[in-house]
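Subject: Structure handover

Hello,

Here is the structure I promised you. Please open it alongside this note. My findings follow below.

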Amino acid sequence: MKKIIFLLVQIAFIASVYSQGFLKQGLTWNNTNGGSFTQYTNFTYRVNGDTAINSINYKIIKENYPDRDSNWNTSFYAREENNKWYFRFPNKIKEKKLLYDYNVNVGDTVSVYSRYYYDGNETVTAVDSVSLENGEIRKRIHFIMITIYG
């Protein structure tokens, strides 16, 4: 079971880091969850508006599951500061979590969080870049799990 969870986390983080960008209106990124004994689920996040939480501006991040329906529901609120993305869930508005840290280097240990199945630490094993279809170059960060359910 731990191997399955590890694989799911790896897929989620590689997919998420591939889709890095700046938090601006209309930005979308695609994700896939699942594997082994579970069905794959595709979903899309989209930046859709602004809100203030404790007098700090956050972007509203909506999510959609295109294989199920066409609804876009608020998933979380995010902000970008010093090349890091922070987020808060609507039902846990007082908790601020680090979503991405694009300042990491090989060997760094970072805390990671997923509302679905994982909360722990990851070690950065490699940092490289990928070229997008439009020619843009983006940073890609690879992880290896060192703690399960922290």
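Two strands pair if DSSP finds at least two bridges between them. β5 and β6 meet that mark, with five bridges joining them in an antiparallel arrangement. Please keep in mind that this is a predicted model.

A hairpin of two residues links β5 to β6.

Within β5, Tyr 86 is the bridge partner of Arg 79. Tyr 86 also stands opposite Leu 98 in β6. As for cover, five of the six residues of β5 are buried, so the strand is mostly covered.

**The core**

The largest nonpolar core has 22 residues. Which members touch the most others? They are Trp 29, Ile 61, Phe 76 and Trp 85. At least two residues each come from β2 (38-53), β4 (73-81), β5 (84-89), β6 (92-101), β7 (109-114) and β9 (137-145).

Phe 76 deserves a click. Leaving out neighbours within four places in sequence, its contacts include Trp 29 and Ile 61. Phe 76 also contacts Tyr 45, Lys 59 and Ile 60. Further along the chain, Phe 76 reaches Phe 87, Arg 88, Phe 89, Pro 90 and Leu 99.

**Salt bridges**

How many salt bridges does the structure hold? There are five. Side chains of opposite charge can pair when their charged atoms come close.

Start with Lys 59, one of the contacts of Phe 76. The side chain of Lys 59 meets that of Asp 50 at 2.8 Å, N to O. Is Asp 50 buried or exposed? Asp 50 counts as exposed, because its relative accessibility is 51% and the cut-off for exposed is over 50%.

Next is Arg 79, the residue bridged to Tyr 86. Arg 79 forms a salt bridge with Glu 81, and the closest N and O atoms are 2.4 Å apart. Arg 79 is buried, at a relative accessible area of 10%. Glu 81 is partly exposed, at 37% relative accessibility.

Then look at Arg 140 and Asp 128. Their side chains meet in a salt bridge of 2.8 Å, N to O. Arg 140 lies in β9 and Asp 128 in β8 (residues 118-131), so the pair ties together parts that are 12 residues apart in sequence. Arg 140 counts as buried at 16% relative accessibility. Asp 128 counts as partly exposed at 31%.

**Around Val 127**

Val 127 is also found in β8. Val 127 counts as partly exposed, at 32% relative accessibility. How far apart in space are Val 127 and Lys 139, C-alpha to C-alpha? The distance is 7.1 Å, for two residues that sit 12 apart in sequence.

Best wishes

Note on methods:
Residues numbered from 1 in each chain as written. Predicted model: local features only at pLDDT ≥ 70, side-chain atom pairs only at ≥ 80, totals over all residues. Heavy atoms only, no water. Core = buried A, V, L, I, M, F, W, Y, C linked by side-chain atoms within 4.5 Å. Buried < 20%, exposed > 50% of the residue type's maximum accessible area, 1.4 Å probe, protein only. Helix = DSSP H or I, 4+ residues; strand = E, 2+ residues; numbered from the N terminus. Contact = heavy atoms within 4.5 Å. Salt bridge = Lys/Arg side-chain N within 4 Å of Asp/Glu carboxyl O.
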